[in-house]
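The structure comes first and the notes follow.

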Amino acid sequence: APVTDVQFGPMRLHQDQLQVLLVFAEEDEQSNGFRWACDKAGFRCHIARTPQSALEFFLDKHHDIIIIDHRHSRYFDAEALCRSIRTTKASENTVIICVVQRHTDREESSILPLISAGFTRRYIENPSRMACYNELIQLEFGQVQAQFKLRACNSLFTALEKSQEAIEITSEDHVIQYVNPAFETMMGYQIGELIEKELTEVPVNEKKADFLDTINSCIKIGKEWQGMYYAKKKNGDSIQQNVKILPVIGQGGKIRHYVSISRLCNDNNKVEKTCECIQAESQTDTQTCRHKDMRKGSLDVRSTTSRGSDGISQRRRSSMARVHSMTIEAPITKVINIINAAQESSPMPVAEALDRALEILRTTELYSPQLGTKDEDPHTSDLVGGLMTDGLRRLSGNEYILSAKQTHQVAGSLSSPISLNDIPPRITQAMENEEQWDFDIFELEAATHKRPLVYLGLKIFARFGICEFLNCSESTLRSWLQVIEANYHSSNSYHNSTHSADVLHATAYFLSKERVKQTLDPIDEVAALIAATVHDVDHPGRTNSFLCNAGSELAILYNDTAVLESHHAALAFQLTTRDGKCNIFKNMERNEYRTLRQVIIDMVLATEMTKHFEHVNKFVNSINKPLAALEENGNNGDGESIKTVLRSPENRILIKRMLIKCADISNPCRPREQCIEWAGRISEEYFAQTDEERRQGLPVVMPVFDRNTCSIPKSQLSFIDYFIIDMFDAWDAFADLPNLMEHLNNNIKYWKGLDGRNLRVLRPPP
């Protein structure tokens, strides 16, 4: 079979024997002419008599040229057949010819209907063998060879997609036409946000205008520019790049595109701040100045800057001496006013007692118990310091230090789509008992290769009718789950998509409890499941305290307050609304969407631990105690009284916050093996944070979490004693969860058993 080599730029392409499909209902001189021409040209030829056989032939052989008879409409619809072929992926680079009748007695007809149907060109009937041969030869060296080169572009784009260098291609007018995944990762944009945008619409450069003029003056005359470039990411972070910009000469000898190739530079790579300008055609060194190779050594995405650590002393003093004179009175102000008034007519001992009460009320941490009331245990102290402060860790006296700044960046990529109807058997089996509390999330993690959130999310969301409520398709929900899971860090030992799936499972389990179902509306259930899914998205595996101490961009953005939780909520909506393919909210009515959004944000923010005791105490005082009082007064069967407690808007908010908080830290209430696994994962994440704090010279937020000395049983017992027991006692009193409380008691005994033997590990030795 004859083969030819085709030159495509520096590539040499090997083209096999061309294949031609003739679609003629009947044999005639025209079809015979093309058949003879194929034989003479050395092309492999197939003949189809019906549209169905034509499609089958094409899908099997993937012909380079298809010639369809359009002269006799009584046999088949040639345009309809062409449209059918064009719907297949295989036809993307196929040349399709339409044979039309020769009319000498009427005006020439338009070819636009044929073009619209998908034909490449038309052939006015001429059965002459040489006419048919000439037509095929022109096609071979014209359209077919052009399509062959286009097919080769797929390999080039594959190389671009997999390149670790960030690549951006713009038109001659500096309109962005392509960026690769490495560019998306480096700059924080998605390709859809950039395509067809002018470079001036994307604020990426921090240099002065004269610097940009220098670059433009170089590339506009066909020269290559290379040098250091300070760029701005989407989130505002500044990064330094080693950039090469190449003009691409196209039609007419003019510059038709610019290709920009970038790599990040760290401080070790800053050899000289110089530039290079190279003639594009000859690649000779005609630069005014050069710099050494910036690519040697490892490329570190992170940059560190000093923030000063003088440790200026600052004491927090309550300045509420004149609070009773405020004209706009908050509830706490009214309480203080009442106490002040009562003091005036009280005996001295009572007045002094009221003074002490006022001092307590004037603090900002009304709901946080003081450590002095618990055992002075370093594990408890460090847990509270690490989880309930926003970074300014007390070092000595009243001095606080802010140290090095670190930027964390995440990149996510979508995996292949799946459907609820075609889940693999092993995964289906792993999810069989997902409605039970003892469901094993780690079995699902293994079955899904660390992608449990998509599969469990599809099943739970289907069980709760989420797509019906949101009026979105399963494919939209599937895409959304994939986007969210892709933005969890699989490198985190604890805060990854398995934790998110675990919290989603616990949330769904709590929503199925009778008392909870009496309380919440459908929109609350939807919000709870979505909030559970996104509540830790893009978690960097470090605590808020770490980010604040490190002066991270997120901490600066959110003013050191609820940094991660604010980021999780904001990013979740950014990812969702950025692309219609995964926007599960796009069909909602505006007011309903705003209500749903408000509830989701509130629930995600409730997972922040600095407000832990506030949420628990409000739940106990506003819900547990009134319900208990109704039972004590014999009103247990009084549905209206109970409904009043449960259904008030304020109390429903407290219940939703408590629900997601309990789901978020329910690990100690899981079956023992799951509890042990989670304890190991969170300990490893805290160990890694301590390691990094010491490497970077940051304040060590939780010194007790040193991998060489930490007692995991002690840390678990401290966490359970300080955070878990009271909260789950309150939640159990509300939702009736005897199985959880049994697991909790068994796990406490297990950790105490290890601690009693002075073991610091997860499991006793064999």
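How many salt bridges does the count come to? The count comes to 29 salt bridges, a salt bridge being a side-chain nitrogen of Lys or Arg within 4 Å of a carboxyl oxygen of Asp or Glu. This is a predicted model, in which local features need pLDDT of at least 70 and side-chain atom pairs count only at pLDDT 80 or more, while totals for chains, interfaces and linings use all residues. Residues are numbered from 1 along each chain as its sequence is written, and side-chain values use heavy atoms, with hydrogens and water left out.

**Salt bridge R71–D28**

- R71 and D28 form a salt bridge through their side chains, with an N to O distance of 2.5 Å.
- R71 lies in the loop between β5 (65-69) and α3 (78-86) and D28 in the loop between β3 (19-23) and α1 (29-41), so the pair ties together parts 43 residues apart in sequence. Helices (H or I, at least four residues) and strands (E, at least two) are DSSP runs, numbered from the N terminus.
- R71 is buried at a relative accessible area of 10%, whereas D28, at 24%, is partly exposed. Buried means under 20% relative accessible area, exposed over 50%, and partly exposed in between (1.4 Å probe, protein chains only).

**The network around D524**

- D521, D524, R647, R652 and K656 are linked in a network of salt bridges.
- Within it, the side chains of R652 and D524 meet at 2.6 Å, N to O. This pair links distant parts of the chain, with R652 in helix α26 and D524 in helix α19, 128 residues apart.
- R652 is buried, with a relative accessible area of 14%, and D524 is buried, with 1%.
- K656 also forms a salt bridge with D524, the closest N and O atoms being 2.8 Å apart. K656 lies in helix α26 and D524 in helix α19, so this pair ties together parts 132 residues apart in sequence.
- Both K656 and D524 are buried.

**Helix α23**

- Helix α23 (residues 590-605) has 16 residues and reaches 23 Å from its first C-alpha to its last, close to the 22 Å expected at 1.5 Å a residue. The expected span is 1.5 Å times one less than the number of residues.
- Its buried residues are L596, V599, I600, M603 and V604. Seen down the axis of α23, they fall within an arc of 130°, so they line one face of the helix; the arc is that of the directions from the helix axis to the C-beta atoms.
- An α-helix has 3.6 residues a turn, so residues three or four places apart point the same way.
- On the face turned away from the buried side of α23 are the exposed residues R590, N591, R594 and Q598.
- The cover over the buried residues of α23 includes α15 (466-470), α19 (522-534), α22 (563-578) and α26 (649-664).
- At the start of α23, a side-chain oxygen of E589 comes within 3.2 Å of the backbone nitrogen of N591.

- E693 is found in helix α27 (residues 672-696).
- E693 is buried yet has no salt bridge, and the nearest side chain of opposite charge, R694, is 6.9 Å away. Lys and Arg count as positive and Asp and Glu as negative; His and the chain ends are not counted.
- Leaving aside residues up to four places away in sequence, E693 touches F546, L698, P699, V700 and V701 (contact means heavy atoms within 4.5 Å).
- N617 lies in helix α24 (residues 612-632) and is partly exposed, with a relative accessible area of 28%.
- The C-alpha atoms of N617 and D726 are separated by 9.5 Å, the two residues being 109 residues apart along the chain.

Notes: A polar contact is a pair of N or O atoms within 3.5 Å; within protein, one must be able to donate a hydrogen and the other to accept it, and residues adjacent in sequence count only if both atoms are side-chain atoms.
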